Amino acid sequence: MTSPPTAHPVTELRAAEPFPVNAAVQLRNEQLRRNLAGATRTIRTKRANVVGELPDWSELRAAGAAIKDDVLAHLDTYLLQLEERVTANGGVVHWARDGAEANRIVTGLVQARHATEVVKVKSMATQEIGLNEALAEAGITAVETDLAELIVQLGHEKPSHILVPAIHKNRDEIRELFQREIPTAGTIATSEPRVLAEVARRHLRAKFLSTPVAISGANFAVAETGTLGVVESEGNGRMCLTLPRTLITVMGLEKLVPTWADLGVFLQLLPRSSTGERMNPYTSMWTGAVEGQEFHLVLMDNGRTATLADPDGRDALRCIRCSACLNVCPVYERTGGHAYGSVYPGPIGAVLSPQLTGVRENLSLPFASTLCGACLDACPVAIDIPRMLVHLRAKAVEAKGPTAESAAMRLAASTMRSPRRWRMALRAARAGRVLGRRDGVIHRLPFPLTGLLRGWTAVRDLPRPPRRPFRDGTA
Amino acid sequence: MFGGMRVALFATCLVDGLRPEVGRATARLVRRLGHEVVVPAAQTCCGQMHVNTGYPKQAAGLVANHVRAFAGADVVVTPSGSCAGAIRHQHEDVARRYGPPGLAGDAAAVAGRTYELSEFLVDVLGLTDVGAYYPHRVTYHPTCHSLRVLRVGDRPLRLLRAVGGLELVELPEAEQCCGFGGTFAVKNPGVSAAMLADKLAAIHATGAEYCTAGDASCLLHIWGGLSRAGSPASTVHLAEILASTTETEEAA
Amino acid sequence: MSARDEILSRIRTALADRPDPAPADRTYRTSAPADVELFADRLRDYKATVHHCAPAAIETTVAGILPEEGRIVVPAGWLDLPGRDVATDDPELSPADLDAAAAVVTRCAVGIAETGTIVLDAGEAQGRRALTLVPDVHVVVVDTAQVVGLVPEALTRLDPTRPLTWISGPSATSDIELQRVEGVHGPRTLHVVLVG
């Protein structure tokens with residue numbers, strides 16, 4: 001019997017049910033699995049091609065990891081430098097301890113400008129804190145302008161992938177959705193992607209040209225110069241960053257780079273890792289308040305300093321949100337993002353979500369992995385996700401306290417650290433030979449082992465224990 | 001070629017208890033190549049199950065026992081990519097954090113002398129042709145630890161290509177994890193089964209009689225699936241193939 | 001305690017173990033020959049249309065590319081387009097004006113060969129950012145001397161405090177079943193005139 005359930009709130013970073021339960025549901029969704037398999041395979045191949053083109057990929061990767069480690073080791077210094085530079089260039093810097101505070105700050109800024117609608121560029125940080133919902137409570141509509149985020153928003157869902165959030169939807173579903181939810185759509189003739197994109201373009205263009213306040217995230221901020229950057233494909237970022245009078249950017253504390261020159265590393269690592277392109281269509285950079293705009297930067301903690309405090313876990317803050325790990329993960333490929341219950345799914349989600357929330361709130365995520373290591377190979381900043389997962393598993397076990405599993409593991413350890421007790425256990429296991437007598441194969445285990453290894457024998461056979469263990473043979 | 005090395009064999013707990021033929025094959029192979037094989041009786045388990053399930057403190061006792069068992073060995077060989085990986089990448093850290101003073105250094109020393117089987121044959125003995133004979137259609141699954149932790153690369157394939165009578169067929173999507181992942185197989189059985197199903201489909205697509213690998217643990221999971229599916233294909237460990245000769249094949 | 005002070009305090013506490021990572025090894029490539037042919041290839045790869053011309057022929061080349069009808073935005077009137085309805089953005093054009101324009105013609109700050117990237121820095125012959133964003137056709141004139149090999153060297157030629165727009169092809173999305181669709185927002189047609 002595991003520890004009694006506690007009332008943990010369902011948030012953007014954790015689900016009500018543990019991973020195995022949600023995964024079982026998602027596994028049954030054939031279309032999702034087909035879409036995901038196709039999508040991840042496509043992006044994997046593109047990424048491999050453009051990474052393979054570069055003769056200095058491993059040097060860039062090593063530099064990226066080292067630069068981020070430097071940022072984390074001197075985070076306070078770099079944040080203060082950024083604040084000074086942004087302020088000197090006419091921007092206003094705010095600090096938020098958690099999501100609720102960030103939401104209050106942003107809502108307050110929007111209300112002070114008497115806006116009831118804002119346009120948004122896709123931002124994982126704002127998703128993480130449920131900003132749209134907080135704005136809605138204050139009577140402010142946040143219009144998502146990334147095509148996939150728009151799709152997810154109109155469908156009242158959570159995104160299922162960091163980079164392609166609507167990957168779980170096919171074109172017919174999207175057409176139906178647009179027809180229902182977009183008043184300017186008219187009658188949408190076909191489900192061709194081009195036609196659907198045109199519907200979105202017309203709908204959003206009207207918003208871009210008239211909305212006075214925009215909210216964005218940031219892919220990076222340069223401490224040395226105070227420059228912020230948004231990396232995107234569709235042009236909605238440029239629209240939101242350029243046209244409105246007021247720009248509010250919400251950014252996690254860790255998204256810094258120390259110097260202008262450091263961008264030379266990350267502008268190569270990010271596009272090749274995320275969309276598998278040599279460069280994404282549009283990247284916008286700005287310093288402070290430009291072209292008569294008003295600029296506000298909200299620096300957000302929301303669990304990042306807690307993550308920073310664990311020397312074995314802080315490397316997760318190197319993450320540049322490229323999603324390369326999602327695209328190579330065999331578990332993610334089969335379950336999709338919703339199974340993880342967090343806006344950060346997949347391998348990075350399994351180490352970041354528990355650290356942002358505290359492991360106690362996300363006990364199952366560190367175990368949602370076979371430790372195959374494909375993620376580490378793909379990560380452009382070399383985050384050792386498998387090692388971190390193992391570390392977080394130990395923290396999860398500690399958080400759970402005594403369980404049937406911990407008792408069994410204690411017994412196993414006691415047996416296996418003593419050659420004498422191990423020999424005795426091997427002898428006892430031979431009693432299992434009574435099973436599988438007929439064909440040397442065990443199809444089902446008897447009570448009380450049925451429960452313990454049910455997961456195994458539901459799908460696989462077990463071999464009959466041998467007559468003699470290896471150590472007793474003529475070696 | 002090294003003559004007369006004294007090789008300590010670490011069979012692994014899984015081989016010891018469930019797949020002894022893998023240990024016997026490893027010993028037979030190394031002896032055939034002209035070396036002495038000893039099997040330290042105190043050996044039990046490398047502790048990766050405890051470390052990977054979140055019980056590193058308990059693993060310290062297993063690390064200590066492992067170090068005791070193999071402290072006197074010049075060379076340690078194990079027919080397991082995952083155990084070699086655990087010894088080289090986990091033991092020193094576990095010992096330092098949870099073990100008595102001095103254990104970390106001793107663990108590092110043992111780790112520095114520990115080889116996975118294909119590493120031992122190719123790097124230490126300098127061989128790819130071990131004089132084996134195995135007239136069957138075989139496909140090779142590169143286990144994740146061998147592939148990404150130890151980075152054995154194509155060593156197993158080079159060894160297999162030199163085996164007499166063996167028809168080697170490439171496994172589609174070979175680098176995809178089989179879905180075992182230790183306790184993952186029982187904690188996330190649905191996903192594990194989905195991954196296994198894809199691996200079995202790939203094996204069947206090759207028409208191979210046997211799927212081989214350098215890890216008895218992944219092979220157990222694959223074997224379990226093949227058996228449950230009533231498949232004509234089965235599994236065989238790399239050591240068993242390399243230990244096979246014309247004599248043993250004729251006797252079989 | 002203000003949020004700022006509290007966060008800074010949390011950071012300092014979190015770093016009590018005093019991590020001291022080794023500085024980054026800068027062994028990646030920082031420069032490469034400026035291959036203009038490669039630049040043109042990469043632009044074409046992104047479905048931009050590439051034209052070549054001599055310095056004296058910029059005007060006629062651009063005139064030949066532009067849509068036959070409609071207003072052309074030419075920041076600060078940097079290029080003469082006789083016979084065309086030209087807007088210089090002085091007085092400032094409204095978003096609706098820009099939406100109604102047929103095309104915009106600008107220079108750029110730097111081009112990157114390896115990635116087929118053009119960077120705008122809102123300089124005189126480029127204008128404010130909205131000018132190159134809203135019209136549906138963008139014609140960029142790039143001097144071959146402005147092309148560098150790699151991303152790191154492009155950064156050395158840019159002023160970080162200017163508003164910068166890095167363009168690598170027309171806008172695109174792959175959000176619907178991963179099929180790449182050109183032209184969601186931003187100019188759907190990009191013409192690049194290589195001069196030199």
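## The second largest cavity

Fourteen residues, written here as 14, line the second largest cavity of this predicted model, and those nearest its centre are Cys319(A), Cys322(A), Cys325(A), Ile348(A) and Cys379(A). A cavity is a set of points, on a 1 Å grid over the protein atoms alone, where a 1.4 Å probe fits but cannot get out, and lining residues have an atom within 4 Å of a point. The volume of this second largest cavity is about 100 Å³, a volume being the space filled by probe spheres set on the points, which are joined across faces, edges and corners. By class, its lining has 12 nonpolar, 1 polar and 1 charged residues, where Ala, Val, Leu, Ile, Met, Phe, Trp, Tyr, Cys and Pro count as nonpolar, Asp, Glu, Lys and Arg as charged, and the others, Gly among them, as polar.

## The largest cavity

The structure holds 7 cavities of 30 Å³ or more, and the largest cavity contains about 120 Å³ of space. Of the 19 residues that line the largest cavity, Cys329(A), Pro347(A), Ser369(A), Cys372(A) and Cys375(A) lie nearest its centre. Helix 15 (330-335), helix 16 (346-357), helix 17 (374-378) and helix 18 (385-400) of chain A each give two or more residues to this lining, helices being DSSP runs of H or I with at least four residues and strands runs of E with at least two, numbered from the N terminus. The lining of the largest cavity has 15 nonpolar and 4 polar residues, with no charged residues.

## Salt bridges

Over all chains the count comes to 58 salt bridges, each a side-chain nitrogen of Lys or Arg within 4 Å of a carboxyl oxygen of Asp or Glu. Asp301(A) forms one of these with Arg10(C), with 2.7 Å between the closest N and O atoms. Asp301(A) lies in the loop between strand 10 (294-300) and helix 13 (304-308) of chain A, and Arg10(C) in helix 1 (residues 3-14) of chain C, so the pair joins two chains. Asp301(A) is buried at 0% relative accessibility, whereas Arg10(C) is partly exposed at 29%; buried means under 20% relative accessible area, exposed over 50%, and partly exposed in between (1.4 Å probe, protein chains only).

A network of salt bridges links Glu53(A), Asp56(A), Arg272(A), Arg278(A), Arg29(C), Asp45(C) and Glu114(C).

## Basis of the values

Residues are numbered from 1 along each chain as its sequence is written, and chains are lettered from A and ligands numbered from 1 in the order in which they are written. In this predicted model local features need pLDDT of at least 70, side-chain atom pairs count only at pLDDT 80 or more, and totals for chains, interfaces and linings use all residues, while side-chain values use heavy atoms, with hydrogens and water left out.

How values were computed
1 Å grid on protein atoms, 1.4 Å probe; cavity = no way out; pocket = protein on both sides within 12 Å on 5 of 7 lines; lining within 4 Å.
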